[in-house]
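Dear colleague,

Please find below the structure that I am handing over to you. My notes on it follow directly after it.

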2 protein chains.
Amino acid sequence: MLRSKVYPFLNAAITSRFGCGTTFFRKTTPLDKLSVHQCCALSTHSRTLQNEQPKCGFNTSTTPNQLKELKTEAPQHAPTFSAPSINQFTTRSHNCGELRISHVGQEVTLCGWLEFSRMNKFFTLRDGYGTVQCIIPEDACQKFNLDQLAFESILRVTGTVQPRPDGQANRTLQTGEIEIHVSRLEVLNEAKKRLPIHVKDHNRAKENLRLEHRYIDLRNRELQQNLRVRSQVIMKMRECMINDYGFVEVETPTLFRRTPGGAQEFVVPSRKPGHFYSLVQSPQQFKQMLMVGAIDRYFQIARCYRDESTRPDRQPEFTQLDIELSFTDREKVIELIEQVLKKSWPYSDNPIRGPFPRMTLAEAMERFGSDKPDTRFGYELQNFTKLLGTQLTMPAGVRQQDFRAYGIVIPAELAQKLASGLKKSLEEIAKKSNFCKFTQSQITADWSTGPIARLLGKEPAEALCDQLSLRSGDLLLLGWGKRTFVQNMMGRIRLAAYEALEARNLVPARQSHAHNFLWVVDFPMFSENEETGQIESTHHPFTAPHPEDAAALNADFGDNIYNIRSLAYDLVWNGVEIGGGSIRIHNSQLQRLVLQDVLKIEHTHLHHLLDALESGAPPHGGFAIGLDRYVALLCNAASIREVIAFPKSLDGKDPLSKAPVPISDEEKRIYHIRVVE
Amino acid sequence: MLRSKVYPFLNAAITSRFGCGTTFFRKTTPLDKLSVHQCCALSTHSRTLQNEQPKCGFNTSTTPNQLKELKTEAPQHAPTFSAPSINQFTTRSHNCGELRISHVGQEVTLCGWLEFSRMNKFFTLRDGYGTVQCIIPEDACQKFNLDQLAFESILRVTGTVQPRPDGQANRTLQTGEIEIHVSRLEVLNEAKKRLPIHVKDHNRAKENLRLEHRYIDLRNRELQQNLRVRSQVIMKMRECMINDYGFVEVETPTLFRRTPGGAQEFVVPSRKPGHFYSLVQSPQQFKQMLMVGAIDRYFQIARCYRDESTRPDRQPEFTQLDIELSFTDREKVIELIEQVLKKSWPYSDNPIRGPFPRMTLAEAMERFGSDKPDTRFGYELQNFTKLLGTQLTMPAGVRQQDFRAYGIVIPAELAQKLASGLKKSLEEIAKKSNFCKFTQSQITADWSTGPIARLLGKEPAEALCDQLSLRSGDLLLLGWGKRTFVQNMMGRIRLAAYEALEARNLVPARQSHAHNFLWVVDFPMFSENEETGQIESTHHPFTAPHPEDAAALNADFGDNIYNIRSLAYDLVWNGVEIGGGSIRIHNSQLQRLVLQDVLKIEHTHLHHLLDALESGAPPHGGFAIGLDRYVALLCNAASIREVIAFPKSLDGKDPLSKAPVPISDEEKRIYHIRVVE
């Protein structure tokens, strides 16, 4: 074995170079100051780009004898870092991001991408950890002819760390105080000229092009950072789950049977004609069966699949932190999740504290018009139902008891600075909302004009303004109609209005790292599908009823079934739902009732779960955090695609490989399928 | 929030019980000795099985007021363990496996499965951590009527830890020195009577039945242990990769495009007619693109898919520790893998040490007749080619230079004790081997009889025996024919013969935890498919050539292409291949040559990888460990199915859900497919 404990980095430099392995070497200092090592290397490796173009052959440029010589004479360079040893097992001594003024005088070997070169003399070398400036000594510049080499080519550089000349330090760069005086330079792999995209922080190419050449785009600093943060955060979650709380990570299958009543699942044909697996949309059933199987503290960083290509910011495959435990209750699951988030929080200078506030769904809808309220700003909905109930025209199809009216007031001093475009975009939101109406009006001095006055009549309008202390110039946004519909509409209007104020710097900008975590609890167990009118589970059919409402859940349920609360809970962060969970039904009779009598779900697909519940099933509950979205928020990324190494594009296509693609007739034969156009 | 920091376990006992939540309570001590808590509990919870059958309704048995009372008066029980806190966030104070003599006197609350009960008085409670004996005080036995309750029902038990009476300690049980004197007993969920399988260590049901009811079988001690060891070992691997060596865990997609030239991949129809994803058989391409993308230290616990239902001990989905790093070489990858295995090794009393020995493939085949030699025993192949080359009849179709003869000698004192069945089973192995012949013969006193004499003639046979110092009674196993074929045959015969010796206790048994790790290196880059005669990659088409042989790899290759060694390496443990890897090709021209000119692979499927290699690709290499198999070996499990929570059966079916199953017409419509019978 060619291993040298004494000169770990040097040993690396001398093995396994085949590919574009031309070696460049030249002296950085007058010859009398050179070390024995450098002299020796000079004598055996000296080549120049001018005289000898890099060969893209497969020969090695160093022979075993030369290696021996180098190894014997090489100076020892102790690494200055301890753990993690990100340079161990490589042919570099340091990476491009770690050199500081304290390294001055050391000989280092760096590997990376040629980011930029100038005058055949200066170049910057980049890797995933940073960039560093390198200088080829004056008398060697012509020999190297570096400017002929395509950017993004792979170099290995050996040289000495030197302080930058006085006044030339670059404070914006972590390595900005030093530069490398190059003594040896190898081109390990030449890149082609004119790559389709650049690796730049600014002026990045359009997303589609970047996704198509993801292997280049990944070198971008932001993507590097995002993927590293993702890995770290998930590792901290694991440490918390396993090392602190004794959970067991269990890998569950993804090739399974269709779960009725959920999202559309991908199907996978098998070799048995007409028989298909479905790709799991979550490990829900497996984790419940694990509870029955006495793996009472389960978690998994689980790959899940949903064929929802039409929804924005979704991926056909995504990742969730999936947790389930036995002999627990809602309070304990909530406490556990708070602990996991706190312990895995990546910003130690800005830690989060718990317990997070709670809100019932009813309160969230009433105050914020949303099941995932963004509590970073006010402008809450004001309930005008009593005040205006008799004046407003009820939209068609709304029953009296379902009628609600809500308003949002934007003060005059802000309202007058808003662009007129806002009015139109709010109307757009309103237009898309069924069973409700919307009007917006700037309050005028005498109330005699404007939509509010026209709507209510002059005197009721004046009364309204008096009661609300509305002043001339205030903007009143008013919605009314069927409860949940008008709440949702006004919630969207609240967000749009605040965004408009924010865009004009009229209000404090919402901070992406604000700690507005919020538990939303007491969801109804069932809800009416807005399109079909059918009853469905608000969360999923395995969610347990709230103990206070459980008695109402029996075979003789009527319309009040919609009032039964469940033990589901959602976690919202800065207005985005990042996870959800529930205490599950552990009683087989209750589960049958929910599936069969209430939801009318064909439960032959679920016989194994029902069997499990009557085979000794402990009370249990759990949670799942959507990691793509959570990490995207943590990284302040524009979309979840910025925290996924190889995302699909919006239409579910893989921009790299162009998948999905046609398959061969042979494969169709194996899986007994024919394509129907 | 109903949270009590002071009485964490008690708080649990008072919330969220709905389901079969009947509560039993009785005093364990005379009333005057009862704590306030117990009195109070007695007054509100007292029910007996005799008077009141457990209601499988959905009412809670504790009201908020009672809870408050309980909480206020409850004695505090500090947990005796620190980390991991496996009882935190649950309604138990301890688990069923942790109580010892040091806990005597403590009041504890345990949750678990009713394993066994006797005389309405004694019962054992089991959870994933162990079992504990519980005793209902004499005067309460009749009330509880526990024997009516089905085994495997879920109980919560509160009681006091007491030492077992003198002479009744059970040394085979971890909790065998104590017992719980029960003061309160709740049935949280009744199991049905007569479950299809038992949770027993001995006499376990047939595997198919166990897989069908996996949620019961998982309670078995061995499966519990296996899944927990699996989780721990993989966590240690992660700690090593991330915390020690600065690797980044990156999740790569599983919905991708077919990789040409590998195993059969599952296909997944998309909503675009005739267009399919393929489920990845490994993240090979993604990890190489990550290297190009400057994520230079990647790993992943990766889910992989192969549709190879016909091969034994395989699963359609499996897990590998997948590693890749840039600027490395073979030596460094090997050192890294050794470190990972050492650091994640679960048996601290029997640690593994490195570096592991190495062997070229040529040597492994020559000495052991296998590319994954079991080096735990000798009986190596002896090369008789020179000795017998002229005497033996060449099998048809074998060229002179490919001819080899190997023998294995089993000494007389062992051979005479072997069963006659072995002879037949060795003949069976020989029959399945093409291009070679086999004979076995016990050496007789005068060499004049027996197959060897008949084969060689009396005098050459005598000469052979002289030269090998064979004694009368020795068993000679002799094979000859085409090199690789006869090596493989003799390798299988070596294993079968040793197994037979082992079965009769004639040789030391191979230890499953022996540390016979072995690196096999210097594989040929290409080999001839034994069936089709076509050239194919020995590892995969992305494997780099050995630098010493690289020059021979050019467009004018001839038959000597089979002599080119690659930089692939396999890791073998006790005769099982547990992983493999290689240094990859990073030069796009070389990769094109291999794909196009040598392997004639249609590489339109690989354009993204070829593009990546010319966009700034560093030298890189990696490794993958098959975790299912590795953990199965670590756990000394009979098959990989014993270390997978929910394995498929041998034919790729899911015994639990019965997947794959027919899909609906609607789903066929969505995915534009029709089934062809």
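I begin with a sheet in chain B, where four strands lie in the order β14-β15-β17-β16 and form an open, antiparallel sheet. Strands here are DSSP runs of E with at least two residues, helices are runs of H or I with at least four residues, and both are numbered from the N terminus. Two strands count as paired if DSSP finds at least two bridges between them. The edges of this sheet are β14 (382-383) and β16 (436-442) of chain B; each has a single partner strand, so one side of each is left without a neighbour in the sheet. Strand β15 (residues 403-410) and strand β17 (residues 475-482) of chain B are joined by eight bridges in the antiparallel sense. Within that pairing, Ala405(B) lies opposite Trp480(B) of β17(B).

Some conventions apply throughout. The model is predicted, so local features need pLDDT of at least 70 and side-chain atom pairs count only at pLDDT 80 or more, while totals for chains, interfaces and linings use all residues. Residues are numbered from 1 along each chain as its sequence is written, chains are lettered from A and ligands numbered from 1 in the order in which they are written, and side-chain values use heavy atoms, with hydrogens and water left out.

Chain A holds an open antiparallel sheet of three strands, in the order β8-β10-β9. Its edge strands are β8 (255-256) and β9 (267-269) of chain A, each pairing on one side only. Two bridges connect β8(A) with strand β10 (residues 276-279) of chain A in the antiparallel sense, and Phe256(A) stands opposite Ser278(A) in β10(A).

How do the two chains meet? The contact (heavy atoms within 4.5 Å) involves 159 residues from chain A and 159 residues from chain B. Together the chains bury about 14,200 Å², 60% of it on carbon and sulfur atoms; buried area is the accessible area, taken with a 1.4 Å probe, that two parts lose on being put together, summed over both. Between chain A and chain B there are 10 salt bridges, each defined as a side-chain nitrogen of Lys or Arg within 4 Å of a carboxyl oxygen of Asp or Glu. One salt bridge joins the side chains of Arg271(A) and Asp307(B), at 3.0 Å from N to O. On the side of chain A that touches chain B, helix α7 (residues 221-244) of chain A supplies the largest share, 13 residues.

A strand pairing also spans the two chains: strand β24 (residues 673-675) of chain A and strand β24 (residues 673-675) of chain B run antiparallel and are joined by three bridges. There, Val675(A) has Ile673(B) as its bridge partner in β24(B).

Chain A can be laid on chain B with an RMSD of 0.2 Å by a turn of 180° and a shift of 0.1 Å along the axis. The two copies are thus related as by a two-fold rotation axis. The superposition is by least squares on the C-alpha atoms of residues with pLDDT of at least 70 in both copies. Moreover, 99% of the interface residues of chain A are also interface residues in chain B, so the copies meet through the same surface.

Over all chains, the structure holds 102 salt bridges. In one of these, Arg230(A) pairs with Asp628(A), the closest N and O atoms being 2.9 Å apart. This pair links distant parts of the chain, with Arg230(A) in helix α7 and Asp628(A) in helix α19 (residues 627-634) of chain A, 398 residues apart.

Finally, a few backbone details. Most residues other than glycine have a negative phi, and most peptide bonds are trans. The peptide bond from Gly354(A) to Pro355(A) is cis, with omega near -5°, and Pro355(A) sits in the loop between α9 (330-344) and β13 (358-360) of chain A. In chain B, the bond from Gly354(B) to Pro355(B) is cis, with omega near -10°.

With kind regards
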